[in-house]
Amino acid sequence: MKRSIYALSAIGAAVLMMSACGKKEEPVAVVAPPVVVAPAAAPAPVVSDAAKKWIDNEFQPSTLTKDQQATEMKWFIDAAAKLKAKGVNEISVVSETITTHEYESKTLAKAFEEITGIKVKHDLIQEGDVVEKLQTSMQSGQSIYDGWISDSDLIGTHYRYGKILALSDYMEGAGKEFTNPGLDLKDFIGTSFTTGPDKKLYQLPDQQFANLYWFRADLFAKPELQEKFKAKYGYDLGVPLNWSAYEDIAAFFSNDVKQIDGKPIYGHMDYGKKDPSLGWRFTDAWLSMAGTADIGNPNGLPVDEWGIRVGDDKCTPVGASVARGGATNSPAAVYALTKYVDWMKKFAPKEATGMTFGEAGPVPAQGQIAQQIFWYTAFTADMVKPGLPVVNADGTPKWRMAPGPNGPYWKQGMQNGYQDVGSWTFFKDHDANRTAAAWLYAQFVTAKTTSLKKTMVGLTPIRESDIRSQAMTDMAPKLGGLVEFYRSPARVAWSPTGTNVPDYPKLAQLWWKNVAQAVTGEKTPQVAMDTLADEMDQVLGRLERAGMANCPPKLNPKGDPAKYLSDTGAPWKKLANEKPKGETINYDKLLQAWKDGKVR
């Protein structure tokens, strides 16, 4: 009979440990057989009816047994009681609006209140508003919320300003008694992205999703389309390995196939409205996918995917423009912007240029997009709903996800693509008791008791144990490659914005305004990127003059761009041929590479 590890006595556990270690006693003479006393089974943890109700009815499946879940919930109840005794009965937290956070706000916040007695006001707002409110709080020194789920893209900002709580210190110090002994940080897959240059953990991952290539596997498998494509381009219709192949496939579906089942089919999908979300379209590693940055993981060094160069200390930003050694307006960056504009205008639905991130996200699910080079796996939950044109009658998807293709400047060892890691963030000088309560809630919604069910709802996994669970194995056939991706090394080869960016809010807002002018044709891609690079240098200069708590910028003097352009490191010289022959791969081979433990 199976027995919960929490029902073993200390003696029984010791016996099991001895057995597991294979230790043997030396033989001794005995005059009578020893009396073996079975260890008394300890009763299962006693928890409230509320905790039991949630464990039985909502927190399933879990990688923990129900007894283990009860033990974990009892710890939360006891920890919360200490804070309620200090007068903390309600806290407020905030996150962006995605499926995972909606589940937290509507379901897990209610569970936390019923189980611990502490009420949680979990606000859901747009990502741009989260960043704006966070920036306001940093400037004023007064945190609007007790806890924040903000992207790990701000890790360089948090480290440099010194206003965010270093969780590594907190868990060993003031927050030790409020840190779940079952937290198991090593089980989190994204902590390398939430660690600062000082090697301290500043944020706790809450959800993760990657930016991958998406395509209609059912259309790519049609023999008549395969024959037609190969006859025209000389290679197989398959998952594109480079941007040349992506462009050929986009042109093929938009201009040659034109219609599927009497409806228009498009070879590309994107968005281009002048809106803060247009900035994410680029800062989320679009330039590095083209090959703008240096070699290095998780981000290029010394030049990262934003084109920002850091000094020899790997921390001090010294410039974004090529004239200062950066790459924001380098040939590779200009190429990346040029392709973005060209593809959207030539191969996407005409409405795409007027759409935001949120408006464009659901479009592929409507059935008229053949492929999308830049697709967030956060949309997976909305792409697998029964009855959609892209879902088969048996619930399996007609589409698949794969690694994004690389631009002509890309080289082995460079950042592969972007991954968003929404993470719990706390201000250092906020009310200590309210911070502790918010930290409790953060651990609650990421705990092993709740995390697998949350992963199955939002499909934004954060724990290795959840990814390897039988529940995810069972779901895999309906998720188009998501589980295979997160079980492979690719999940760390796709990385968020790194530590080269010293002030994410100030610098991010420059991107969408400049990119938008290239979309409308007000500026050429070269002029738009020149302006962006210059404005980024100006912000870096202001940060240098104002000073920062840690590792402030120190601009290189402006020089001749030719001094920095190189064929051995970023900023890379302009290639004579930016469209090499297209290359594709069979999806099954690619999927097998993930299963075999390869990045791609």
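## The largest pocket

The largest pocket of this predicted model has a volume of about 550 Å³, where a pocket is an open set of points on a 1 Å grid over the protein atoms alone, with protein on both sides within 12 Å along at least five of seven lines. The volume is the space filled by probe spheres set on the points, which are joined across faces, edges and corners. The pocket is lined by 28 residues, and of these T97, I98, Q126, F357 and G358 lie nearest its centre; a lining residue has an atom within 4 Å of a point. The elements that give two or more residues to this lining are α4 (99–116), α5 (127–140), α11 (276–283), α14 and α15 (380–383). Helices are DSSP runs of H or I with at least four residues, strands are runs of E with at least two, and both are numbered from the N terminus.

By class, the lining of the largest pocket has eleven nonpolar, eleven polar and six charged residues. Here Ala, Val, Leu, Ile, Met, Phe, Trp, Tyr, Cys and Pro count as nonpolar, Asp, Glu, Lys and Arg as charged, and the others, Gly among them, as polar.

## Basis of the values

Residues are numbered from 1 along each chain as its sequence is written, and side-chain values use heavy atoms, with hydrogens and water left out. In this predicted model, local features need pLDDT of at least 70 and side-chain atom pairs count only at pLDDT 80 or more, whereas totals for chains, interfaces and linings use all residues.

The structure holds four cavities of 30 Å³ or more, a cavity being a set of grid points where a 1.4 Å probe fits but cannot get out. In the largest cavity there is about 70 Å³ of space, and its lining consists of D270, Y271, R281, F357, A360, G361, Q372, F374, W375, Y376 and F379.

Both α14 (357–360) and β10 (371–376) supply at least two residues of the lining of the largest cavity, and β10 gives the most, with four residues. By class, this lining divides into seven nonpolar, two polar and two charged residues.

## Packing of helices

Two packed helices are described by the angle between their axes and the distance between the axes. Axes are lines fitted to C-alpha atoms, for helices over the stretch in contact, and angles run from 0 to 180 degrees between N-to-C directions. The axes of α9 (residues 223–233) and α10 (residues 243–257) come within 11 Å and cross at roughly 115°, and the two helices are therefore roughly perpendicular to each other, a term that covers angles of 65 to 115 degrees. The crossing of α9 and α10 is right-handed, that is, the near helix is turned clockwise from the far one by less than a right angle. Their contact (heavy atoms within 4.5 Å) is made by L225, K228, F229, K232 and Y233 of α9 together with D248, I249, A251, F252, F253, D256 and V257 of α10. By class, this contact has eight nonpolar, no polar and four charged residues.

For α2 (residues 49–57) and α3 (residues 66–84), the axes come within 10 Å and cross at roughly 140°. The crossing of α2 and α3 is right-handed, with A51, I55 and D56 of α2 meeting K66, Q69, A70, M73 and I77 of α3. Helix α16 (residues 432–446) packs against helix α17 (residues 448–458) at an angle of about 55°, with their axes 5 Å apart, and these two helices are therefore oblique to each other. Their contact involves F444, V445 and T446 of α16 and K448, T450, S451 and K454 of α17, and by class it has two nonpolar, three polar and two charged residues.

## Backbone features in loops

Most residues other than glycine have a negative phi, and most peptide bonds are trans. K258, which is not a glycine, has a positive phi of about 65° and is found in the loop between α10 and β6 (259–260). A cis peptide bond with omega of about 5° joins L301 and P302, and P302 lies in the loop between α12 (286–290) and β8 (309–310). The peptide bond from A570 to P571 is also cis, with omega near 0°.

G162 is placed in the loop between α6 (155–161) and α7 (167–172). The C-alpha atoms of G162 and N550 are separated by 7.1 Å, although these residues are 388 residues apart along the chain. Leaving aside its neighbours within four places in sequence, G162 is in contact with K428 and A549.

Note on methods:
Angles under 35 degrees count as roughly parallel, over 145 as roughly antiparallel, 65 to 115 as roughly perpendicular and the rest as oblique.
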